[in-house]
Amino acid sequence: MFYWVLKTVILGPIIRLLFRPWVEGSENIPETGAAIFASNHLSFSDSIFLPVCVPRRMTFLAKSDYFTGEGIKGRLTAAFFKGVGQLPVDRSGGRASEAALRSGLKVLRRGELLGLYPEGTRSPDGRLYKGKTGVARMALEAGVPVIPVAMIDTDKAQPTGKKIPKLIRVGVRIGEPLDFSRYEGMEGDRFVLRSITDEIMYAMMELSGQEYVDMYATAMKDRIAREKKGKAKEAQQAAQPGRAVSELEAALDAEGLDDDNGPQRRAS
């Protein structure tokens, strides 16, 4: 109930008024039956803009951190996500991944729409990253089509780290449903899962126009974090007292310009 109140009475009208989201490919949204909406992930607000633009109810698998916050803010955040029908999942891998899979399958077996981000996390730089195969496994186990989606300019409306979004127009491109019934019963074949996932990512790339990077977004985030840490360490070392003086003395020594001997002259 709260989902529809937010979508049609409170949040939906405000978003349509302020951001004027445009939608291409609305004819590809199934009127009935289960389906997976596989979307690129540019901004925290993707999980708000996309459901507002889809007439039917959509459930996303949201990271469990949103449901475990402390204090008033944490409780309000948890209440909001629960109210809009989002499901908490642990993204740490292993058994947690199996639990997320089961949660998604429950949604699909009820004949509903499930929203997934195959990249697993927000893009760190606006490019499209390698997809994880959970989306393929869910599609095969539930026997449902996958609908590729491209969120447009949501990262400009709400960049990572910004709590208050900018009032710019955003868009949603919805591609034609992808049917993988030809792989029925092969959800245990990792090569099949990778092939399906790559096909989904290619369709998303075509819709979004993003540059594709053949590595996981989490790996890129780790690389960026390491680089930032290294630069911070270099800056800290450069700021140490006497560092610049010692480097200058070393440079002078290398040129033969030490204070004791003066400039070294070449004998004539």
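**Ground rules.** I number residues from 1 along each chain as its sequence is written. The model is predicted, so local features need pLDDT of at least 70 and side-chain atom pairs pLDDT 80 or more, while totals for chains, interfaces and linings use all residues, and side-chain values use heavy atoms, without hydrogens and water.

Entry: I looked up the largest pocket. Its volume is about 910 Å³. I take a pocket as an open set of points on a 1 Å grid over the protein atoms alone where a 1.4 Å probe fits, with protein on both sides within 12 Å along at least five of seven lines; lining residues have an atom within 4 Å of a point. Volume is the space filled by probe spheres set on the points, which are joined across faces, edges and corners. I find 37 lining residues, with Phe44, Ile48, Phe80, Phe81 and Gln158 nearest the centre. Helices H1 (2–19), H2 (46–53) and H3 (71–83) each give two or more residues to this lining. H1 gives the most, nine. Helices (H or I, at least four residues) and strands (E, at least two) are DSSP runs, numbered from the N terminus.

**Entry: H2.** I checked its cover. Six of its eight residues are buried (under 20% relative accessible area; exposed is over 50%, partly exposed in between; 1.4 Å probe, protein chains only). The buried ones are Asp46, Phe49, Leu50, Pro51, Val52 and Cys53.

**Entry: patch.** Val9, Ile10, Ile14, Leu17, Leu18 and Leu167 make a nonpolar surface patch of about 590 Å². Patch residues have over 30% relative accessible area and no salt bridge; nonpolar side chains (Val, Leu, Ile, Met, Phe, Trp, Tyr) are joined within 5 Å, like charges within 9 Å. Areas come from the Shrake-Rupley method with a 1.4 Å probe; for residues, only the protein chains shown count as cover. Leu18 sits in H1 and is partly exposed at 39%.

**Entry: salt bridges.** I searched the whole structure and got nine. The cut-off is a side-chain nitrogen of Lys or Arg within 4 Å of a carboxyl oxygen of Asp or Glu. Arg173 meets Glu24 at 3.0 Å, N to O. That pair links strand E8 (residues 171–174) to strand E1, 149 residues apart. Arg137 pairs with Glu98 at 2.8 Å. Arg137 is in helix H5 (residues 134–142) and Glu98 in helix H4 (residues 95–109), so this bridge ties together parts 39 residues apart in sequence. Glu98, Arg137 and Glu141 form one network through shared partners.
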